[in-house]
Amino acid sequence: MRNVVIILCALLLALAIAQETGTERIIRIESEGASISGNLRYGPHVFEHPDPEGIRATVSNLTIFSSQATLRVPEEEQDETLLAQAQGRREASFEGGVRVERGRLDASGPNLDYSEATGLGTLRGGVEVRIEPAEAEGKEAQEEQAEPVEIVADEVEFDVDTDRSISRGNVQLVSGNQTANSAQLLFEEERSLGCLYGDGEQVTVTRTDEAGDELVITADEACVLTEEDRLYARGNVTIVDGSITSTGDELFFDDEQSLAEIIGSPARSVDSASGSELESARIRQDIEFDFFEAIDASEATDFDPAAFEPTAQDS
């Protein structure tokens, strides 16, 4: 009878904790067909399934598939706190090959660690991510459907409170005819916005046309709206297209129109083939027709840096 009372109290306490902290970060592991071992009261609970994706865990907007999973209390509470009492602070790890789904995103990697306290799940060991484009409406729109975004990185951290992920280490983002390399990538899935950061080294974005010719942009950081094929870069910006090299403080690039706008104090363009040079506060570089020109300061721009800013997060 005493054990029943203890278990009932633990369950009531867990319910109170869940109500206080919210259920969005609470992980639920479906283990039908899996073997379960470990200390049933204090944990850890170890799940093993013969199917590579036999274990399915859900937390907020994230679904995790694997063949092995472990659910535990935080290390500093082990042997002192019942697993049920630790709800909202528990930790889960997945091994043996992991796949993650969230909306249009599908990611895979060897291992994933998740914390209910932070709402962060980190996929490690060499990760591949594919994000399908938003479904276009109408026949004409479908014919111009954006291509999937593909990301590879050493690790990717998913925030279950938002639609954000942060990729770290040897990051490569491929979107259509553009490939970007950086140390870190923040990606917002709903907006299809990727922001690349160099962490002391420059970000490189390479655009390859149908003829195989390359345009290369380097900057301290760059943000790209992948479904609009528009890019904004800032900090020691350089754009190289054939014999033309332009430098400045900021750069906007519209791949659909094949136009770049470089802003600086001043911005500078040089054509090594013709020997022509230009310095101006604003320069338009036409990629298709291989020329550059100064932009009058009074001329309105089609670009807005605010459109490329990541969504502000509540502190």
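Are Arg-164 and Glu-188 buried or exposed? I checked, and Arg-164 is buried, as is Glu-188. I note here that the model is predicted.

**Entry 1: salt bridges**

I stayed with that pair. Arg-164 and Glu-188 form a salt bridge, with 3.3 Å between the closest N and O atoms. The pair links distant parts of the chain, 24 residues apart. Arg-164 sits in strand β13 (residues 164-175), and Glu-188 in strand β14 (residues 178-188).

I then looked up Arg-284. Its salt-bridge partner is Glu-293, and the closest N and O atoms are 2.7 Å apart. Glu-293 has a relative accessible area of 33%. I log Glu-293 as partly exposed, because that value falls between the 20% and 50% cut-offs.

Glu-101 is partly exposed, with a relative accessible area of 31%.

**Entry 2: the chain overall**

I took the totals next. The protein chain has 315 residues, and 43% of them count as buried. Its secondary structure comes to 2 helices and 23 strands.

**Entry 3: cavities**

How many cavities of 30 Å³ or more are there? I got 3.

The largest cavity holds about 70 Å³ of space. I listed its lining: Leu-173, Ser-175, Gln-178, Thr-179, Ala-180, Val-205, Val-224, Thr-226, Asp-229 and Leu-231. The elements that give two or more residues to this lining are β13 and β14. β14 provides the largest share, 3 residues. By class I logged 5 nonpolar, 4 polar and 1 charged residues for the largest cavity.

The second largest cavity has a volume of about 50 Å³. Its lining is Glu-221, Ala-222, Cys-223, Tyr-232, Ala-233, Arg-234, Phe-308, Glu-309 and Pro-310. I traced at least two of the lining residues to each of β18 (221-225) and β19 (230-241). The classes here are 6 nonpolar, no polar and 3 charged residues.

**Entry 4: Ser-246**

I moved to Ser-246, in strand β20 (residues 244-254). Its relative accessible area is 0%. I log Ser-246 as buried, because the limit is under 20%.

Which side chains make polar contacts with the side chain of Ser-246? I found Ser-269, at 2.6 Å. I also found Gln-285, at 2.5 Å. I then set aside the neighbours within four places in sequence and listed the contacts of Ser-246. They are Val-237, Thr-238, Ile-239, Ile-262, Arg-268, Ser-269 and Gln-285.

**Entry 5: cis peptide bonds**

I checked omega at two prolines. A cis peptide bond joins Gly-43 and Pro-44, with omega about 0°. Pro-44 is in the loop between β2 (35-38) and β3 (45-48). The bond from Ser-265 to Pro-266 is cis too, with omega near 0°. I placed Pro-266 in strand β21 (residues 259-271).

**Entry 6: positive phi**

Ser-192 has a positive phi, near 55°. I found Ser-192 in the loop between β14 and β15 (193-197). Ser-192 is buried, with a relative accessible area of 4%.

Asn-236 also has a positive phi, about 50°. I placed Asn-236 in strand β19. Is Asn-236 buried or exposed? I read a relative accessible area of 55% for Asn-236, so it counts as exposed, the cut-off being over 50%.

How values were computed: Residues numbered from 1 in each chain as written. Predicted model: local features only at pLDDT ≥ 70, side-chain atom pairs only at ≥ 80, totals over all residues. Heavy atoms only, no water. Buried < 20%, exposed > 50% of the residue type's maximum accessible area, 1.4 Å probe, protein only. Salt bridge = Lys/Arg side-chain N within 4 Å of Asp/Glu carboxyl O. Helix = DSSP H or I, 4+ residues; strand = E, 2+ residues; numbered from the N terminus. 1 Å grid on protein atoms, 1.4 Å probe; cavity = no way out; pocket = protein on both sides within 12 Å on 5 of 7 lines; lining within 4 Å. Points joined across faces, edges and corners; volume = space filled by probe spheres on them. Nonpolar A, V, L, I, M, F, W, Y, C, P; charged D, E, K, R; others polar. Polar contact = N/O pair within 3.5 Å; in protein donor to acceptor, adjacent residues only side chain to side chain. Contact = heavy atoms within 4.5 Å.
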